[in-house]
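This briefing goes through one structure by topic, beginning with the terms on which the later points rest. Please keep the sequence and the model in view while reading.

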Amino acid sequence: MGLPVPATLSPSKVSSFKDCGLAFRFSVIDRLPEPPTVAATRGTLVHRALELLFWEVPEGERSRAAARAQLDRAWEELQSSPELVHLGLTPEETEAFRSEAEQLLGRYFELEDPDRVRVVGVELMMEAEVGGVTLRGIIDRLELDEDGELVVTDYKTGRAPPMTHEQARLGGVQFYALLCEQVLGRRPARIQLLYLSEPTAIVAIPSEQSIRALRQRTAAVWAAVVRACEAEDFRPRPGRLCDWCAFRSYCPAWGGDPSLAGQPAPADATVAEVTALALDTG
Ligand code: SF4
């Protein structure tokens, strides 16, 4: 009978299928919940503060103080979100959480002057048909450069990849160049990842060739997803990502049983905890 084929895919999910088919299935097909992490929630807070800075504060007034004020506002908004509540931070952890978010925002100013950014839009949802699948993604920031050409910017609050992995990381943001071209009819002149923790910027110029190659890769991944759904065959691919995987307790590569999937173990569970959980539930 086969598994239902997903109606849309986010660019990051296209990459995640290649990283591990089974984790893709748990996340995209079975839609198992993934517990929020401190790092991801801190990223949400900083992204929102930057969104507010560019959308609510006029050019010429985007100072560090203005950014801190928007962080306060974003922090207030976050208080009622299940993401933060689920973390159950102690007062000390909450203080550290806030302080790290402030540091990330402060380092952003070492990368660029926000008053010189000609913003076209922030948190832009874009959707387009690519290689047989509907891709849907949110662009952190779209702007115009000094020549009036489009620039796509993606903020990263985690650590920058080693030099040897830069191209792989840019592969994700190249998707946004592709979406821009498809939706707006213009290929961005530049795409950039701003790693706030370093801080460092990784920049690439999308070309007709790079976009064409991405289309072909997307079509190939999508064909593989459809085949895997038809055959109900999504295989685990153990590797470094297992350390952060929310589904480890159900993963056969870790002694788990996929048929018991429903309550993923915490992302920071140890191997012993995961094994015990798998045995208990079995
Ligand atoms: S634990 Fe590793 S191999 Fe298993 S599903 Fe997660 S990423 Fe894939």
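Predicted model: local features only at pLDDT ≥ 70, side-chain atom pairs only at ≥ 80, totals over all residues.

Residues are numbered from 1 along each chain as its sequence is written.

**Overall make-up**

- The secondary structure of the chain comes to 9 helices and 6 strands.
- Of the chain's 282 residues, 31% count as buried, where a buried residue has 20 or more other C-beta atoms within 10 Å of its own, an exposed one 12 or fewer and a partly exposed one a number in between, with C-beta atoms placed from the backbone.
- Among contacts between residues at least 6 apart in sequence, 64% join residues at least 24 apart, a contact being a pair of residues whose C-beta atoms, placed from the backbone, lie within 7 Å.

**The ligand shell**

- The ligand is surrounded by 14 residues, and the closest of them are Cys20, Pro236, Cys242, Cys245 and Cys251; a residue is near a molecule if its C-beta atom, placed from the backbone, lies within 6 Å of it.
- By class, this shell has 12 nonpolar residues, 2 charged residues and no polar ones, with Ala, Val, Leu, Ile, Met, Phe, Trp, Tyr, Cys and Pro counted as nonpolar, Asp, Glu, Lys and Arg as charged, and the others, Gly among them, as polar.
- The ligand lies between domain 1 (1-31 + 117-235) and domain 3 (238-282), because both give residues to the shell around it; the domain bounds come from an automatic or database domain assignment.

**Core and helices**

- The largest nonpolar core has 56 residues, and those with the most contacts inside it are Val46, Ala49, Leu105, Val152 and Tyr176; such a core is a set of buried Ala, Val, Leu, Ile, Met, Phe, Trp, Tyr and Cys residues joined through C-beta atoms within 7 Å.
- When residues up to four places away in sequence are not counted, Val46 touches Ala101, Leu104, Leu105, Thr157 and Leu196.
- Leu52 is found in helix H3 (residues 38-56), and it counts as buried because it has 20 C-beta neighbours inside 10 Å.
- Leaving aside neighbours within four places in sequence, Leu52 is in contact with Gln70, Arg73 and Ala74, while Leu52 and Ala67, 15 residues apart in sequence, are 8.4 Å apart in space from C-alpha to C-alpha.
- Helix H2 (residues 21-29) is mostly covered, with 7 of its 9 residues buried, and these buried residues, among them Phe24, Arg25 and Phe26, pack against helix H1 (11-19).

**Strand pairing**

- Strand S2 (residues 118-130) and strand S3 (residues 133-144) run antiparallel and are joined by 11 bridges, two strands being paired if DSSP finds at least two bridges between them.
- Within this pair, Gly121 has Leu142 in S3 as its bridge partner, and in the hairpin, which has 2 residues between the strands, Gly131 takes a positive phi near 60°.
- Because 5 of the 6 residues of strand S5 (residues 190-195) are buried, S5 is largely enclosed by the rest of the structure.
- S5 pairs with strand S4 (residues 150-156) in the parallel sense over 6 bridges, and Leu194 in S5 is the bridge partner of Tyr155.
- S5 is also joined to strand S6 (residues 200-204) in the antiparallel sense by 5 bridges, with Thr200 in S6 as the bridge partner of Tyr195; S5 and S6 form a hairpin with 4 residues between them.

**Backbone exceptions**

- Most residues other than glycine have a negative phi, and most peptide bonds are trans.
- Arg31, found in the loop between H2 and H3, has a positive phi of about 55° although it is not a glycine, and it is exposed because it has 9 other C-beta atoms within 10 Å.
- Glu123, whose place is in strand S2, likewise has a positive phi, here of about 50°, although it is not a glycine; Glu123 is partly exposed, with 15 other C-beta atoms within 10 Å.
- The peptide bond from Glu198 to Pro199 is cis, with omega near -10°, and Pro199 is found in the loop between S5 and S6.

Definitions and conventions:
Contact = placed C-beta atoms within 7 Å.
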